[in-house]
Each structure stands twice: as structure tokens, then as C-alpha cells.
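Thanks for coming. I have one model to go through today, so please bring it up on the screen.

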Amino acid sequence: MPPLNEQLDALVTLQDIDLMLRDSRDPEMATHETRLGFARENVKGLEQTRERLRRQIDEPLLRTYERMSQKIPRLVVPVEGRVCQGCKMSLPTSGVGRTTPGTTIENCENCGRILYRI
Amino acid sequence: MTSPSLTASKNASSLESLLRPTHFVSELRSRKKAQALDELAAALATAGVTRSPEIVAELLREREALGSTGVGKGIAVPHARSTLIAERAVLVARSQKGIDFDATDGGPVHLVFLVVAPPMERDPIYLKVLADVVRAVRLSRTRQRLADAPDFDTVREILIHAAAE
């Protein structure tokens, strides 16, 4: 399995691909794009990409994503200047330095989202 | 009754607010789609829209694999919503030589409008911006003026007026 930071990269891409897939299956969105002239014929290819990304993510992290993303939209969010971009709350300074980014999964203490540090 | 000028102003507003000099590439170096997407994502990073251009470029390639956003007549409108995009943005880029973009008409692409947004589930403004861009470049004289424009300010003026027509 790749290092955790690479798994988080794959997880972020997976989350964006899932949004793209939901758009493709949404008749209103699909119609809007088709009317503008954008092709959308290869949904199967997108599903294959999704599977490839899933294989790059450790099973427990993947299970957490698939379970929690049903309840929390935008489950994986970037951190900008110690602020969770999901709930916009500042992350407590007490947590800073406790873990090295990219070595453990970090969750926002306020909203529970998975934090992605760039 | 709504006056024509008010309607025009409303039509242009979404696109107008996103057209910025920092979001303009006068001449792309790349001639191939994949490299052009890398170049566009790098330009987004330079403009401060993302800090992860490689991942954004990968997402744009995945969107292109779903189906080309080269809509023909020399125009491409690659687009995506991503976790790693900080704000809605439109990046305008030109290519005199043309890019092989797998466009629907098979022709080279000379004008690229990259539209990105954060991953809101439903984002009517994002959809409107996409529609504004496509509408703005529907006339061949507009496309020619955009290709010939000497600077970003001229490009911006042309697009605002064309989107409002």
C-alpha cells in the first residue's frame, strides 16, 4: 500500500471523481452539459478510475470514507492556515505538533471531516 | 418590464466577476491536450486558485476521458469542481498554433476557457458561468476578435459584451 500522504491524494481525487459520477447520473446536470456541447459518453471509464483509486487506499480508511461520505458532504477537506475548510473553524493549537502531517489520519475536532494538509 | 441593458448586465455578471488579469495565458506552449491541461493547472496555481496543480490536472484529464470539452470551432471549455480549488475561477488561454484537444469537430483548439469551482453539490453559478462562456463565443467574429486581442483588458471587454448580447 502507498504511504499515507499518497493515499490521501488518492482519497481527494476519489471524492472529486465521485462528484463527477453523481453529476453524470443526474439527468438535470447531464442535460445541462450536453446542451452546452460537452461530451459525456464514457462513464464506464470514470468508474474504472474510481476502482483504481480505491485500490490505492487502505481498507479501513476507504471504509471510513464510504460510510461517512454518505452523511457528511465533502468529507475530505483541505486545511488552510490551521482552518478546516469544511466548517471554517480554527483547529486547536494543542493538536499542532502532536502528529506529523501525512503519518496519521487527522479529523477536524469540530465537524469530524478528514483533514487534507497540502 | 426589464430593460435590455439591465438584462445584459445580469447576463454578464457571473462571468465578468471571474475574469481577472492573473487568470490569463496569452499563448499556451503546449500543443497536446494532456500537456495543455498541466500548463493550465500550473497557471491556476500561480494565480492562487489551487495549491495542488498536479491533482487538479489529473482531475481535468479524467473529465476529458469522460468526454471531450472541445466543443468545436476552435473552442475548449475544460471544467471541474474539486476539493483542492479554493474559489470559482475562469482561466482564459489562447493558442495561435492550436491544440489537439479531441474536439467534437476534430479541429485544433485556439481558445481555452478553464472553469473550476469548489466541490459544491449543486452550484448554479458554476453552471451559469459554463453557459455564459459557451454563449459568449458562439459567433465567429467574437472568436476572431478574442484571438486578435492585444491584451487581457481587450479580451475581457470582448467577453463581457459577447456574454451579455
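A word on conventions before that. This is a predicted model, in which local features need pLDDT of at least 70, side-chain atom pairs count only at pLDDT 80 or more, and totals for chains, interfaces and linings use all residues. Residues are numbered from 1 along each chain as its sequence is written, and chains are lettered from A and ligands numbered from 1 in the order in which they are written.

Chain B, then. It has six helices and six strands, where helices (H or I, at least four residues) and strands (E, at least two) are DSSP runs numbered from the N terminus. Along the sequence of chain B the order is α-β-α-α-β-β-β-β-β-α-α-α. The C-alpha trace of chain B spans about 45 × 35 × 25 Å along its principal axes. For 165 residues, a compact globule would have a radius of gyration near 15 Å, and chain B agrees with that, at 15 Å. That radius is taken over C-alpha atoms, and the globule rule is 2.2 Å times the number of residues to the power 0.38.

Of the 165 residues in chain B, 46% are buried. Buried means that 20 or more other C-beta atoms lie within 10 Å of the residue's own; exposed means 12 or fewer, partly exposed is in between, and the C-beta atoms are placed from the backbone. Of the contacts in chain B between residues at least 6 apart in sequence, 70% join residues at least 24 apart. Two residues are in contact if their C-beta atoms, placed from the backbone, lie within 7 Å.

Now the strands of chain B. Strands count as paired if DSSP finds at least two bridges between them. Strand β5 (residues 89-99) of chain B runs parallel to strand β1 (residues 24-25) of chain B, joined by two bridges, with B:Val25 opposite B:Ala93. β5(B) also pairs with strand β6 (residues 109-117) of chain B, in the antiparallel sense and over seven bridges. There, B:Val90 has B:Val115 as its bridge partner.

On to chain A, which is divided into domain 1 (1-71) and domain 2 (73-118); these bounds come from an automatic or database domain assignment. The C-alpha centres of the two domains of chain A lie 22 Å apart. Their contact takes 10 residues from domain 1 and six residues from domain 2. On the domain 1 side, α1 (4-25) and α4 (59-68) of chain A each supply at least two residues, and α1(A) has the largest share, six residues. That side divides into seven nonpolar, three polar and no charged residues. In this count Ala, Val, Leu, Ile, Met, Phe, Trp, Tyr, Cys and Pro are nonpolar, Asp, Glu, Lys and Arg are charged, and the others, Gly among them, are polar.

Chain A also has an open sheet of three strands in the order β2-β1-β3, with mixed pairing. The edge strands, β2 and β3 of chain A, each pair on one side only. Strand β1 (residues 76-80) of chain A pairs with strand β3 (residues 114-117) of chain A in the parallel sense, over four bridges. A:Val77 is bridged to A:Leu115, and A:Pro78 to A:Tyr116. With strand β2 (residues 83-84) of chain A, β1(A) pairs in the antiparallel sense over two bridges, and A:Glu80 stands opposite A:Val83. That hairpin has two residues between the strands, and A:Gly81 takes a positive phi near 55 degrees.

How do the chains meet? The contact takes 27 residues from chain A and 25 residues from chain B. On the chain B side, α3 (53-66), β2 (70-72) and α4 (124-136) each supply at least two residues, and α3(B) gives the most, with seven residues. The chain B side divides into 11 nonpolar, eight polar and six charged residues.

Last, the core. Which residues touch the most other members of the largest nonpolar core? Among its 70 residues, they are B:Leu40, B:Val90 and B:Val133. A nonpolar core here is a set of buried Ala, Val, Leu, Ile, Met, Phe, Trp, Tyr and Cys residues joined through C-beta atoms within 7 Å. Chain A contributes too: domain 1 and domain 2 of chain A each give this core at least three residues. Leaving out residues up to four places away in sequence, B:Val90 touches B:Leu15, B:Leu18, B:Leu19, B:His23, B:Phe113, B:Val115, B:Val129 and B:Val133.
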